[in-house]
Amino acid sequence: MTDPIADMLTRIRNALTVRKETVEIPASNMKREIARILLEEGYVKDVKETGEGYKANIVITLKYTADGQSVISGLTRVSKPGLRSYTGAQKMPKVLGGYGIAIVSTNKGIMTDKQAKAANVGGEVLCSVY
């Protein structure tokens, strides 16, 4: 697999399309941090980890509104292995005018665009969620 983050986002997007309750993703430190941010920002209900070592998986419980619509309406990969996308703190992208979030990998860890701007750090824009 050349792009595990894109695989994670695609699994979540596919599970949302068929209205699944949970989605299981092979674990890695970066995927754990992205799932943590999605949980903190209120885009998913719960994040758990099952298994140990190489067999570890992240189980994400997806969140839907009362009428059955998904809370996540868009999930796109910004920086790809063939074309990396870096930005400074001052030029941090706004997703839907501030209604969505961009997940950024900085030298201080993985954080949202708002947190990176507050910490005055730039980095690689991994994906956008809205």
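In what order do the elements of the protein run from the N terminus on?

## Model and overall fold

The elements follow one another as α-β-α-β-β-β-β-β-β-α-β, giving 3 helices and 8 strands, where helices (H or I, at least four residues) and strands (E, at least two) are DSSP runs numbered from the N terminus. This is a predicted model, in which local features need pLDDT of at least 70 and side-chain atom pairs count only at pLDDT 80 or more, while totals for chains, interfaces and linings use all residues. Residues are numbered from 1 along each chain as its sequence is written, and side-chain values use heavy atoms, with hydrogens and water left out.

The radius of gyration, taken over C-alpha atoms, is 14 Å, which agrees with the value near 14 Å for a compact globule with 130 residues under the rule of 2.2 Å times the number of residues to the power 0.38. Of the 130 residues, 42% count as buried, meaning under 20% relative accessible area, with exposed being over 50% and partly exposed in between (1.4 Å probe, protein chains only).

## Nonpolar cores

A nonpolar core is a set of buried Ala, Val, Leu, Ile, Met, Phe, Trp, Tyr and Cys residues joined through side-chain atoms within 4.5 Å. The largest one holds 26 residues, of which Ile12, Leu38, Ile60, Leu62, Ile72, Ile103 and Val129 touch the most other members. Two or more residues each come from α1 (4-17), β1 (22-26), α2 (29-40), β3 (57-62), β6 (101-106) and β8 (123-129), and the largest share, 6 residues, is that of α1.

Val129 has contacts (heavy atoms within 4.5 Å) that include Leu38, Tyr43, Ile72 and Ile103, with residues up to four places away in sequence not counted.

## The β6–β7 hairpin

Strands pair if DSSP finds at least two bridges between them; β6 and β7 (residues 109-112) run antiparallel and are joined by 4 bridges. The two strands form a hairpin with 2 residues between them, and Val104 stands opposite Met111 in β7.

## Arg77

Arg77 lies in strand β4 (residues 75-77) and is buried, with a relative accessible area of 13%.
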